[in-house]
Amino acid sequence: MSGRVVFVGAGPGAADLITVRGAKVIAEADIIIWASSLVHPDIVANTKPGAVLADSAGEALEDTEKHYERAAEEGLLVARVHTGDPSIYGATAEQGRLCRKLGLEIETVPGVSAFSAAAARMNAEITLPEVSQSLILTRLEGGRTPMPPKETVRSFAAHGATMALYLSAARNKQLQEELLAGGYPPDTPCIIGYQVTWPDELMMRCPLSELSATMREHQLWKHTIVLVGPAMAESPEGSRSHLYHPGFRHEYRKAEKEAQQELRHQGAGPVTAQPHTKHTDTTKEG
């Protein structure tokens, strides 16, 4: 029986924001690799007797490799626990290459990312009808990890969509300048989330013109995510979702004629759902 490595999304911090599947993998794992600098200890508190709990906070991948080698030799289950969601700045691709080289099976369990946790903590809707229907996840270029040349905060800002910025807190002045230069107005609302869902969490709103000053005032240099865009206002203006409008017809509900005419007069697109609505992602509403 070959060994197996499961990359588990630990969520933003709070122990009850890990998925049921992720918690089950940790509870069953023979080896749990986690970074104490990023993952809350309660996430890895429920381990089986005899399980190895390895803290990778001070290790390079080469230092962690021994656990993967042992798993391959003995057919063990490894839970590699990553903060947030493993697919976002998780460095799982390089670990996956190592695992395949060793003959290990790999699997990924998704997790709640910091951007969605921050929006939830402030009761913000990222994709607000007629305000923003897109989300850009990125980081400020020029840091220790090179960015592709066409991926810049300034160029992304030109779209005016909601933007979630990771790993950029230490250079908050440059971040603010690039966002403004890209086209966001100075009064664009921002949400700042520090240690989101941790006991020392700090959540704030401010206009873009005060982003850097606010972050400096609270000495936010790391573990901070910034959400920018008109949809991040405390009480944003915007139209209602057509999905729940009485004039929108789909296979589960008939449209009210007067309401349907109202939608058409507003210049709305098709007021009838596509035939395959039943098989679409029902978590994406609007």
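Of the 286 residues in the protein chain, 43% count as buried, a word used here for a relative accessible area under 20%, with exposed meaning over 50% and partly exposed in between (1.4 Å probe, protein chains only). This is a predicted model, in which local features need pLDDT of at least 70 and side-chain atom pairs count only at pLDDT 80 or more, while totals for chains, interfaces and linings use all residues. Residues are numbered from 1 along each chain as its sequence is written, and side-chain values use heavy atoms, with hydrogens and water left out.

The chain holds 8 helices and 10 strands, which are DSSP runs (helices H or I, at least four residues; strands E, at least two) numbered from the N terminus.

Helix α1, residues 20-28, has G22, V25 and I26 as its buried residues. Because these cover an arc of only 100° around the axis, they lie on the same side of α1, the arc being that of the directions from the helix axis to the C-beta atoms. The exposed residues V20 and R21 sit on the face turned away from that buried side.

Leaving aside neighbours within four places in sequence, L211 is in contact (heavy atoms within 4.5 Å) with L175, Q176, L179, C190, I192, C206 and V226.
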